[in-house]
Amino acid sequence: MTPRDAALPHAEIREEVKKLCARFPGEYWRKLDAARAYPSEFVTALTEAGYLSVLIPEEYGGAGLGLGAASAILETIHEEGANGAACHAQMYTMGTVLRHGTEAQKRRYLPEIAAGRLRLQAFGVTEPTSGTDTGALRTTARRKGDRYIVNGQKVWTSRAEHSDLMLLLARTQKREEGRKKTDGLSVFLIDMREVLGCGLTIRPIRTMMNHNSCEVFFDNMEIPADSLIGEEGKGFRYILDGMNAERLLIASESIGDAKWFTARSVAYANERRVFDRPIGQNQGVQFPIARAYAQWRAAELMVHRGCEKFEAGLPCGEEANMAKLLAADAAWAAAESCVQTHGGFGFAEEYDIERKFRETRLYQVAPISTNLILSYIAEHVLGLPRSY
């Protein structure tokens with residue numbers, strides 16, 4: 001552990017996560033990438049070590065730690081060349097159940113999730129026709145006795161094939177009946193094992209990175225009424241209050257990516273010799289690496305600040321959104337400089353750079369695009385007119 005690593009928050013957790021990741025080297029991830037396969041062994045190892053349940057309170061079988069600990073775990077996973085996207089949703093998606101579920105729902109599901117006997121990885125919000133305009137979603141859930149009947153479609157529902165449970169946002173009231181377009185949306189916790197093939201259909205989407213994305217179809221899918229989380233019609237607020245945690249954790253992954261790219265760039269620039277000198281001696285190679293380093297160090301501070309405010313129960317929308325924006329940009333800058341530093345070797349699979357390059361590009365778009373974050377900052381921080 002370097003002196004700088006020792007000074008980072010949750011240094012001991014970081015060191016243990018590094019040891020776990022060492023069991024899953026680049027070759028492991030390359031094979032999965034080529035086969036578009038899910039990293040089941042890696043996810044199992046994280047689960048057994050308790051890392052995916054750090055945010056679940058001790059009374060429900062988790063570690064009961066704060067968001068900063070979860071941030072350190074995901075950042076380290078990415079810094080070590082692995083990919084936390086296969087399982088990161090299990091950290092923050094359960095927050096909706098924890099904050100808004102009944103005590104019976106918490107007792108039923110959270111200990112099972114903490115123990116790894118149930119996976120809550122799927123988050124059904126985005127639809128083909130609405131995108132980030134959540135108020136325009138069309139999937140409906142109609143109450144019928146002690147059941148809800150669900151019809152509609154979701155897209156980019158990552159890990160649906162590898163999850164037991166899905167958190168679903170659906171419309172329980174017609175859009176025109178609410179004062180706001182987000183009124184009448186409700187959240188449900190669905191046991192997909194009970195409805196797969198009985199109203200629920202999952203279709204994988206092949207993408208440029210191995211992200212296990214799917215489109216999901218609901219055709220008169222029946223679910224128990226007690227699948228409802230919180231009050232009917234209040235679901236948008238329940239989803240919204242978990243987004244700050246999601247953005248801070250995704251920002252942490254981007255910081256980890258940026259660290260990985262920078263370390264690779266520096267090592268190669270020092271060892272690669274052209275014209276009888278290391279290429280790192282040239283300012284044209286040095287400056288992009290140094291600039292990317294400055295970018296991710298600044299983003300790192302915003303992540304830490306956002307986690308501190310979140311843990312203190314303070315409003316942190318500004319910090320969470322800016323952390324996501326700055327970290328995604330920093331990771332992309334570090335990726336660009338890494339490819340440029342390695343030249344042709346940056347495109348060779350064995351170096352892992354092209355895989356990480358594809359993976360880190362995602363966070364310019366998901367889970368929310370950088371343009372939407374800029375709109376948020378303009379309107380909610382700077383007081384400019386709403387642009388959409």
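How many salt bridges does the structure hold? The structure holds 22 salt bridges, a salt bridge being a side-chain nitrogen of Lys or Arg within 4 Å of a carboxyl oxygen of Asp or Glu. The model is predicted, with local features requiring pLDDT of at least 70 and side-chain atom pairs counted only at pLDDT 80 or more, whereas totals for chains, interfaces and linings use all residues. Residues are numbered from 1 along each chain as its sequence is written, and side-chain values use heavy atoms, with hydrogens and water left out.

**View A. Salt bridge between Glu59 and Arg107.** The closest N and O atoms of Glu59 and Arg107 are 3.5 Å apart. The pair links distant parts of the chain, 48 residues apart: Glu59 is in the loop between α4 (40-48) and α5 (67-79), and Arg107 is in helix α8 (residues 103-115). Helices (H or I, at least four residues) and strands (E, at least two) are DSSP runs, numbered from the N terminus. Glu59 counts as exposed because its relative accessibility is 51%, while Arg107, at 45%, counts as partly exposed. Here buried means under 20% relative accessible area, exposed over 50%, and partly exposed in between (1.4 Å probe, protein chains only).

**View B. Salt bridge between Lys259 and Glu300.** In this pair the closest N and O atoms are 3.4 Å apart. Lys259 in helix α11 (residues 243-271) and Glu300 in helix α12 (residues 283-311) are 41 residues apart, and the pair links distant parts of the chain. Lys259 has a relative accessible area of 6% and is therefore buried; Glu300 is likewise buried, at 3%. Lys259 and Glu300 also belong to a network of salt bridges that links them with Arg14, Glu75 and Arg297.

**View C. Salt bridge between Glu354 and Arg358 within helix α14.** The side chains of Glu354 and Arg358 meet at 3.1 Å, N to O. Because the two residues are four residues apart in helix α14 (residues 353-361), about one helical turn separates them. Both Glu354 and Arg358 are buried.

**View D. Positive patch on the surface.** Arg179, Lys180, Lys234 and Arg237 gather in this patch of positive charge. Patches are made of residues with over 30% relative accessible area and no salt bridge, like charges being joined within 9 Å and nonpolar side chains (Val, Leu, Ile, Met, Phe, Trp, Tyr) within 5 Å. Lys and Arg count as positive and Asp and Glu as negative; His and the chain ends are not counted. The place of a charge is taken as NZ of Lys, CZ of Arg, CG of Asp or CD of Glu. Arg237 lies in helix α10 (residues 235-240) and, at 47% relative accessibility, counts as partly exposed.

**View E. Nonpolar patch on the surface.** Val381, Leu382 and Leu384 form this patch and together have about 260 Å² of accessible area (Shrake-Rupley method, 1.4 Å probe; for residues, only the protein chains shown count as cover). Leu384 is placed in the segment after α15 (370-381). With a relative accessible area of 45%, Leu384 is partly exposed.

**View F. Surroundings of Ile229.** Ile229 lies in strand β8 (residues 228-229) and is buried, with a relative accessible area of 0%. Leaving aside neighbours within four places in sequence, Ile229 is in contact (heavy atoms within 4.5 Å) with residues including Thr96, His100, Phe188 and Tyr238. The C-alpha atoms of Ile229 and Thr102 are separated by 7.4 Å, although these residues are 127 residues apart along the chain.

**View G. Surroundings of Gln90.** Gln90 lies in helix α6 (residues 89-92) and is buried, with a relative accessible area of 2%. Not counting residues up to four places away in sequence, Gln90 touches Leu52, Ile113, Leu118, Arg119, Leu120 and Gln121.

**View H. Backbone geometry at Pro367, Asn212 and Asp276.** Most residues other than glycine have a negative phi, and most peptide bonds are trans. The peptide bond from Ala366 to Pro367 is cis, with omega near -5°, and Pro367 lies in the loop between α14 and α15. Asn212, which is not a glycine, has a positive phi of about 55°; Asn212 is in the loop between β6 (200-204) and β7 (214-224) and counts as buried at 12% relative accessibility. Asp276, also not a glycine, has a positive phi of about 60°. Asp276 is found in the loop between β9 (273-274) and β10 (277-278) and counts as exposed at 74% relative accessibility.
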